[in-house]
Amino acid sequence: MASVVDYLGYAAAVCTTCSFIPQVHLVWRARSAEGVSLGMYLIMTVGVALWLCYGLLIGAWPVVIANALTLLLAASVLLMKWRFERPPRRVNGAATPPARP
């Protein structure tokens with residue numbers, strides 16, 4: 001049976017994981033990550049990956065699940081930043097916009 005401490009951990013995991021959803025949505029909708037700090041997201045993504053490893057090593061499934069989801073969200077912001085902000089490709093000397101999905 002879950003204790004108050006467990007529920008506190010679950011609530012913290014939901015809040016911290018869900019905090020990335022508005023950023024992912026904003027970057028996706030705007031097709032721009034101009035205001036996103038690359039350094040912050042790189043450090044955050046590495047930190048979350050380390051928390052995920054820690055959770056796996058100690059068998060703490062709430063830590064594993066929360067950090068796996070957070071890693072997915074943080075990494076998606078990094079990937080969109082790279083994709084939306086890379087320079088346009090050149091074809092026969094003329095710049096072409098990146099392909100849209």
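**View 1. Leu52 in helix α3.** Leu52 is a residue of helix α3, where helices are DSSP runs of H or I with at least four residues, numbered from the N terminus. The model is predicted: local features need pLDDT of at least 70, side-chain atom pairs count only at pLDDT 80 or more, and totals for chains, interfaces and linings use all residues. Residues are numbered from 1 along each chain as its sequence is written, and side-chain values use heavy atoms, without hydrogens and water. Leu52 has a relative accessible area of 16% and is therefore buried (under 20%, with a 1.4 Å probe and protein chains only). The C-alpha atoms of Leu52 and Ala68 are 6.2 Å apart, at a sequence separation of 16 residues.

View 2. Trp51, Tyr54, Leu57 and Ile58 make a nonpolar patch of about 500 Å². Patch residues have over 30% relative accessible area and no salt bridge, with nonpolar side chains joined within 5 Å. Trp51 is placed in helix α3, residues 38-58.

**View 3. The largest pocket.** The volume of the largest pocket is about 280 Å³. Of its 15 lining residues, Ala13, Thr16, Val63, Ala66 and Asn67 are the closest to the centre. A pocket is an open set of points on a 1 Å grid where a 1.4 Å probe fits, with protein on both sides within 12 Å along at least five of seven lines; lining residues have an atom within 4 Å of a point. Helices α1 (4-18), α3 and α4 (61-85) each supply at least two lining residues, and α1 gives the largest share, 6 residues. The lining has 10 nonpolar, 4 polar and 1 charged residues.

How values were computed: Patch = residues over 30% accessible without salt bridge, like charges linked within 9 Å, V, L, I, M, F, W, Y side chains within 5 Å. Areas by Shrake-Rupley, 256 points an atom, 1.4 Å probe, with all protein chains shown as cover. Salt bridge = Lys/Arg side-chain N within 4 Å of Asp/Glu carboxyl O. Points joined across faces, edges and corners; volume = space filled by probe spheres on them. Nonpolar A, V, L, I, M, F, W, Y, C, P; charged D, E, K, R; others polar. Buried < 20%, exposed > 50% of the residue type's maximum accessible area, 1.4 Å probe, protein only.
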